Protein chains: 2
Amino acid sequence: MLIVKKFGGSSVANAERVFNVARIITEDYKKGNDVVVVVSAQGDTTDDLIDKAHEITKRPNKREMDQLLAAGEQISIALLAMAIGELGCPVVSLLGWQAGFRTNTTYSAARIKRVETERIRSELEKKRIVVVAGFQGVNRNEDITTFGRGGSDTSAVAIAASMKADLCQIYTDVEGVFTADPRKVPNARKLDEITYDEMLELATLGAQVLNNRSVEMAKKYNVEMEVLSSLNPVPGTKVKEATNMEKMMISSVAKDAHVARVMIVGIPDEPGIAFKIFSRVAQAHINVDMILQSVGRDGTKDITFTVPEDCGAAAVAALQEYADRVGAKSLTYDTKTAKVSVVGAGMETHEGVAAKMFEALSEKSINIQMISTSEIKVSVLIAAEEADRAVSAVHAKFFDEM
Amino acid sequence: MLIVKKFGGSSVANAERVFNVARIITEDYKKGNDVVVVVSAQGDTTDDLIDKAHEITKRPNKREMDQLLAAGEQISIALLAMAIGELGCPVVSLLGWQAGFRTNTTYSAARIKRVETERIRSELEKKRIVVVAGFQGVNRNEDITTFGRGGSDTSAVAIAASMKADLCQIYTDVEGVFTADPRKVPNARKLDEITYDEMLELATLGAQVLNNRSVEMAKKYNVEMEVLSSLNPVPGTKVKEATNMEKMMISSVAKDAHVARVMIVGIPDEPGIAFKIFSRVAQAHINVDMILQSVGRDGTKDITFTVPEDCGAAAVAALQEYADRVGAKSLTYDTKTAKVSVVGAGMETHEGVAAKMFEALSEKSINIQMISTSEIKVSVLIAAEEADRAVSAVHAKFFDEM
């Protein structure tokens with residue numbers, strides 16, 4: 001069996017943890033598996049390197065930034081390889097370019113074009129464990145590129161896809177994907193399985209278990225992923241194509257507190273309003289999530305929408321000139337809101353998910369400010385201070401009754 | 001003019017020093033020169049990385065150690081390139097493999113086979129300053145190799161030799177090569193020029209201004225070097241082929257306190273003694289420097305020799321079995337000795353250098369334990385506590401009288 005394992009920076013933060021990871025790897029290797037390991041930079045290394053760059057300049061050249069940051073994984077792969085060697089197993093570490101990661105030339109957010117796996121294959125044929133630097137590759141100019149935060153997940157899936165690995169295991173500090181945040185909801189249960197689409201919805205909702213690009217790639221190439229703990233050796237959550245999961249209506253309740261709500265009140269009720277507003281927001285490179293447009297009243301209407309928390313001020317700035325010109329009554333934003341969502345592939349074939357969610361909130365007298373839905377998701381915007389209570393109520397409604 | 005500049009780790013230890021170095025570089029660039037810069041890892045980075053490896057294992061795999069250490073220069077070249085960019089000059093950083101350093105496969109002490117300079121040339125044609133990671137290259141398997149301590153000097157000379165640069169400037173924390181250690185001898189003078197051979201003798205004498213391999217390579221390819229200060233912008237010392245330096249009898253007085261003296265007393269006075277002793281020492285990979293063999297007395301003789309300070313115990317261990325077998329009276333070593341040398345290409349054509357040196361020591365009642373000479377050097381072994389006094393006396397004898 002060919003297994004790709006990915007370990008994040010906190011899993012290799014010091015010598016003790018490096019050995020913990022080395023033991024997980026060598027156990028699977030000793031069972032006769034071919035093992036390719038993808039590892040991130042240790043602990044705070046990447047942040048420390050960014051600080052060093054910022055001591056030099058506020059706007060570091062992006063090519064040089066990638067050259068700098070790639071040193072982080074170079075350190076962690078060498079140390080992990082040393083530890084695996086110390087445990088008596090043959091091993092070799094490979095940088096992104098040595099492992100064949102060819103990317104485009106978009107520094108700091110490079111896209112993988114292909115993985116030329118000859119070197120990895122030849123090392124596996126020599127019965128070596130292969131430790132690969134995540135997050136990094138090389139472009140056609142032979143310059144180092146990096147994939148952006150969370151890019152090591154993508155590295156792991158790209159190898160698994162290119163080599164048709166049997167499993168791509170993503171080790172984290174949680175035991176898997178839960179029906180809700182287990183730190184907040186004591187009844188939260190670990191899921192054995194979840195679909196790619198559910199995982200994607202959860203990732204966009206702020207449940208940062210897996211990097212989104214990696215899940216998209218896994219879905220595209222049908223790579224079976226598993227999210228599991230590097231500290232607690234129990235089975236995790238498999239991420240795969242939907243099989244017999246229909247019986248489960250929803251898989252998870254998630255909260256995203258990093259939301260800003262932008263309100264523009266009293267604008268003329270005429271055609272093209274939405275286009276005029278959201279084209280300006282898009283030009284400012286701000287992603288809009290939920291949108292609410294009021295019914296026209298006195299010849300005016302109100303538009304409310306949500307953006308990432310740190311984009312609230314920028315969204316207002318992007319609209320100020322327009323709001324002044326059309327004589328809007330007010331243009332404001334606030335960040336005292338949170339989005340609570342239920343996600344589940346089963347939703348498509350089960351009616352009443354939204355109604356059941358609204359019922360749970362109603363029972364707790366929690367006011368809903370906005371609503372948005374997709375095929376496998378229902379999200380509501382509520383006051384931030386009620387978010388945890390809302391998650392518990394919704395979770396209880398769906399899971400305690402099943 | 002094509003200039004290669006090399007800066008050591010202390011010259012780029014923090015952001016302020018990085019900018020200092022960047023200013024030196026951009027000044028020469030703005031004069032219209034092509035500038036290639038070789039830089040070492042920042043300050044203690046290399047030692048920190050070695051410590052990290054030793055937390056994992058006492059005997060790190062050498063390939064992985066090179067993979068690890070090469071991250072050090074990766075960080076410094078990126079930061080220096082950012083600083084040069086911040087000063088408004090076009091720049092690109094290149095890792096050893098990107099800059100074309102092809103080496104053999106001897107990890108941790110790799111030899112440069114060639115520098116494939118196409119990339120450097122094409123970057124210079126684009127009018128960019130090129131910042132190259134010293135100390136590292138890549139072998140035929142595409143694995144990272146490093147050149148050992150001081151290897152960045154060699155990187156700089158290798159580029160200068162391959163590209164027929166007009167000058168290879170080695171920046172250090174001293175202003176050049178002095179007639180003696182200026183911290184010990186107030187009258188010490190900076191030399192304008194010194195020959196390759198003199199520089200090589202000085203390096204082996206413990207005056208660690210330049211890495212020896214780099215001077216050997218510079219001599220072989222006739223690369224003109226200059227040793228100068230990164231902190232004080234004054235002309236340094238040129239290292240080149242002898243020209244009109246004959247008038248100067250000696251160029252420098254040097255001290256090496258890191259010497260151990262090994263004494264084997266009362267061994268049979270028969271042919272082959274020296275071979276038997278020094279073949280054993282060589283098998284223990286210990287370099288012998290000075291050798292003194294007493295005249296035979298009572299059918300026995302004594303042999304005394306010097307080795308690097310930290311090899312004294314190992315040399316005794318290597319000889320113990322032999323000494324016991326032939327019934328030597330004693331086999332001991334001590335490290336309370338120092339070697340003081342005068343070096344000068346002019347010595348070949350000037351008589352009486354040794355005599356003048358001995359006169360200086362005699363006037364100060366300093367006892368000479370051993371003597372060794374080469375074409376351009378006279379060395380004496382004396383008691384360690386008299387070494388500084390000896391250097392001053394010899395320096396005064398040669399330089400204050402000129």
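Author: A salt bridge is a side-chain nitrogen of Lys or Arg within 4 Å of a carboxyl oxygen of Asp or Glu. In this predicted model, local features need pLDDT of at least 70, side-chain atom pairs count only at pLDDT 80 or more, and totals for chains, interfaces and linings use all residues. Residues are numbered from 1 along each chain as its sequence is written, chains are lettered from A in the order in which they are written, and side-chain values use heavy atoms, with hydrogens and water left out.

Reader: How many salt bridges does the rule find across the interface of chain A and chain B?

Author: The rule finds two across that interface, and in a salt bridge between Arg119(A) and Asp143(B) the N to O distance is 2.7 Å.

Reader: How is the size of an interface often given?

Author: It is often given as the accessible area lost when the parts come together. With a 1.4 Å probe, and summed over both parts, chain A and chain B bury about 3200 Å², of which 61% is on carbon and sulfur atoms. On the side of chain A, the residues that lose the most area to chain B are Ile56(A), Met82(A) and Trp97(A), together 23% of what that side buries.

Reader: How many residues of each chain are in contact?

Author: Counting heavy atoms within 4.5 Å as contact, 41 residues of chain A touch 40 residues of chain B. Of the interface residues of chain A, 98% are also interface residues in chain B, so the copies meet through the same surface.

Conventions
Buried area = accessible area lost by both parts, 1.4 Å probe.
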